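Morning, everyone. Please have a look at the structure before I start.

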Amino acid sequence: MTESVRRGPRQIVIGTLGNLEVRAAGAPVVVGHARQKAVLAVLAIEAGRVVPPDRLIDRVWGGRAPARARSVLRTYVSQLRRALDATGATITWRDTGYLVDITPEHVDLHCFRGLLAEARDSGDPRSALALADEALALWRGEPLAELDTPWARATREHLHQERAAAWADRVDWALECGRHAELLPDLTARTADDPLDERLAGQVMVALSRSGRPAEALEHYQRTRRRLTEELGTDPGPALQELHQRVLTTDPALVVPPDRRHNAAADSPRQLPAPPTAFVGRDEELDHLHRALVASEEATTVVISVLAGAGGIGKTWLALHWAHRHAHRFPDGQLFVDLRGFNPIGDPVDPAVAVRGFLDALGADPGRIPADLDAQAALYRSLVARKRMLIVLDNAAGSDQVVPLLPGTPTCTVLVTSRRKLASVIDRHGARHLTLGVPDRAEARALLTARLPAGRVATEPAAVDELVALCGAYPLALAITARTAATRPALALTEIAAELRALGLEALDHDTDPAAGLPAVLSWSLRHLTDHQRTVFALLGIAPGPDTTSAATAALAGLPESPARKALAALEEASLVERQPVGRYAMHDLIRAYAATTAQDLPDDLREAALTRVVDFHLHTAHAADRLLNPDRELLHPDPPVPAVRPHPLSDKAAALAWLQAEHPTLLAVQRTAATLGRHHAVWHLAWVLENFHIRRGHLRDGLTAWQTALEAAPHLPAPSLHIRTHRLLGRAYSRLGRHEQATEHLQVALDLAVRHDDLAAQANIHRTLALAWGRRGDDRRALRHARLALDLHRTIGQPTWEAHALNAVGWYAARLGEFDTARDHCHAALDLYRRHRYATGEAATLDSLGYIAHRTGDHRRALDHYHQALTLNRTLGNTYEIAETLDSAGHPQAALGRHEQARAHWREALELFQDQGRSTDAQRVQRQLDDLDDTGRTSPSEST
């Protein structure tokens, strides 16, 4: 073995064979924007040589150099010098240009070329093969991806030719080492893509001949000859013709001698498939694997890492990239087997077959291999004992496949990939588990752009971003999308995005090659599930909401919660759902879309019954939550739940509020599902039970949407009172959002209906809501008139709590009009009623009104006392909408008393709440108050408005 193979990991400082990467002590260094990276990439490729400024400008900008390009370049170089400070590399000016002062071996391109030169000079195919593997592992994707200039395009093309030549040389060396069997699948796949490459055709023929398949080698020659004749009008060259003749005459030199084959395998089997192309990102996962590798050097037991994740998430891609990057750390070889745990055809590989393959690779004497699996596994462990080897077990179906293949020596490292968690391997063998999720948005974009021509990316950056979003950053989806773009170069990326947006999962399918389509790849995960688990998976695809819980899944599937929890655990084990904090489960959007397609195979009545149950589960749990939060609210019962639905138990107000907060997006989706099912009663009641929660949390737009949906259901309900209430509450929702014309319109419709049906209670509530609406429009006089009408009606029908609401409303609008004695009397009367009936929400609202009255009459300390009591109550109630209002109000008496820091603290908290609630007008007003306070130490004269 040559010295280069022994010397350990290379510390690459600047990586150009992919998106530019700079590292210091193994950690990434932030360089700057794309043009700065491009400048560094050019200098790194020319490491050790001076690059004049004009040449740099031409290579970085081409014909689109900016004005004062030299000045811009100097700025970039200055910033790059600072960025490179930690790496030990420097950029200096030498006579006529810039030079990166760094040894070539610290730049991946020069390291790649140096390794290949050493390989070609070695004279030993095994050493050459190891060097070539190390060189090819340096490629991470499209080189010079930051650049789209004539020089960059020409350089990229030349580098791709260098890589292709390196790969072809590697194949020759591997064939000399007797590794024809492992090469043949990849060679066959490549020749399908490039059937006119005569060198590749010759390598296929050699591999077939050495595998004992000379007839297929001759057939491959004839197929290649026909293609050359038909497409190029020429015969194969002399080298291929000579090889053909050698196959015909059974040249002994085409067969690797048994002793050489045995020795090559016994010395150092190197079974890793070719490294993946266009690898980008996954830094966190690579670091995790690297830490495991470092730990293995001091371990007393074998170190095992399990990469688990959904199909198409990139497990094998990551495993092979890491394995090739660290292959030099395993001088005794690397073993690899695809266990075919999740494949479209055939059964998973029997462990006995996999062990026998490893024994052959390790040079075990066939005549002395025992028949029993346990004995074979023991022999395998003996052969790898004390050897520094990497064993990659790809695509495992379960622990039973993996355990017999685990070595017993701490000198070996094992890397397993599976769609399952492999609990037994983790529990009994101490495997380090790493769940592979989708990459972040930046990594996903880099993954896509690495596979696209730089020109298309630069021309349509927005389309690239949309493609990443439509793919949900899912690696296989991104790869399929890149392939679609590559095979349709005439189509704009915007058109490809439009097709993906319109077709969804269908655009990621493949009719003739299932392995090239995402739905088929995902379908292989279902083979290991029971019928019951597959049904739960399908139903989760059509369930409303972004995620779920075991209780909701139980309702959906019509099961007790324990079996539902077990089904979710099985789906989590299969990497089809992801367990999230506080007992929630979620699916990636594409997996969910696939689940929804499988749901179409279920009977219609089964799907409808499942959705009906999940609607009732959420409706009745939300109803219970609303009763806990608002026990004094008018009790309106929804229809009873269908059988087998058990609402989630809620112990107290805190539990109710937490459940509503966690389920809020799902509850909105449940209402839409109920509308689709024609469950009009459920649609209306979901809007009703969410109303106070929406107000407390400031979800004003969601509240509006809920009542708009309820309005569509209201005509189907028999009770006129519900139709009246819908228009009133929809009007209130519009009013809260400042959409005053729509608010007044719906409130007037509600009032007309209430008068027509002689519903005095409804009329009273509508007048009180009209008071709020006119107050928000700035017409306090009209607001006061409606508040007085509401007060008279509530007193007439004897509703003390509603009378208190109206008293507070009269007091508030009287105060706004400067009638402070009237205002104070009405508010104190309201406060007495609220306290007598223990209605904390109304008490807080009235204390807020009294705070306003005290502030406007100059009693700022009393104002603060009222405001702080209101804040305490609202914080206890979790009413963030009113908390924001009271904080805003309390800042004014603080400022009037010269307590500027306290005023600033109140307004900053109010500002955050207004922003969170989407109340931009209120947020802007409070920001102006803060600005005025900072400028002058006091508020503007408009503070009272």
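**Aromatic pairs and a helix contact**

Searching the whole structure turns up nine aromatic pairs. Keep in mind that this is a predicted model.

Take W684 and W707, an edge-to-face pair with 5.6 Å centre to centre and 75 degrees between the planes. W684 belongs to helix α31, residues 680–697, and W707 to helix α32, residues 700–713, so the pair ties together parts that are 23 residues apart in sequence. Both W684 and W707 are buried.

The next pair is W812 with Y852, which is tilted: 4.7 Å centre to centre, 50 degrees between the planes. Here W812 comes from helix α37, residues 800–816, and Y852 from helix α39, residues 840–856, so this pair ties together parts 40 residues apart in sequence. Y852, at 9%, counts as buried.

Back to the tryptophans. W684, W688 and W707 make up one aromatic cluster. Over the ring of W688 sits the charged end of R725, 5.0 Å from the ring centre. Elsewhere, R919 lies over the face of Y881, with 3.7 Å to the ring centre.

Now the helix pair. Helix α6, residues 125–136, packs against helix α7, residues 150–176, at an angle of about 145 degrees, and their axes are 9 Å apart. The crossing of α6 and α7 is left-handed. Among the residues in contact are L129 and L136 from α6, and W167 and W173 from α7. By class, that contact has nine nonpolar, four charged and no polar residues.

Conventions: Residues numbered from 1 in each chain as written. Predicted model: local features only at pLDDT ≥ 70, side-chain atom pairs only at ≥ 80, totals over all residues. Heavy atoms only, no water. Axes fitted to C-alpha atoms, helices over the stretch in contact; angles between N-to-C directions. Helix = DSSP H or I, 4+ residues; strand = E, 2+ residues; numbered from the N terminus. Left-handed = near helix turned anticlockwise from the far one by under 90°. Contact = heavy atoms within 4.5 Å. Nonpolar A, V, L, I, M, F, W, Y, C, P; charged D, E, K, R; others polar. Phe/Tyr/Trp six-rings, centres within 6.5 Å; stacked < 30°, edge-to-face > 60°. Buried < 20%, exposed > 50% of the residue type's maximum accessible area, 1.4 Å probe, protein only. Lys NZ or Arg CZ within 6 Å of the ring centre and 35° of its normal.
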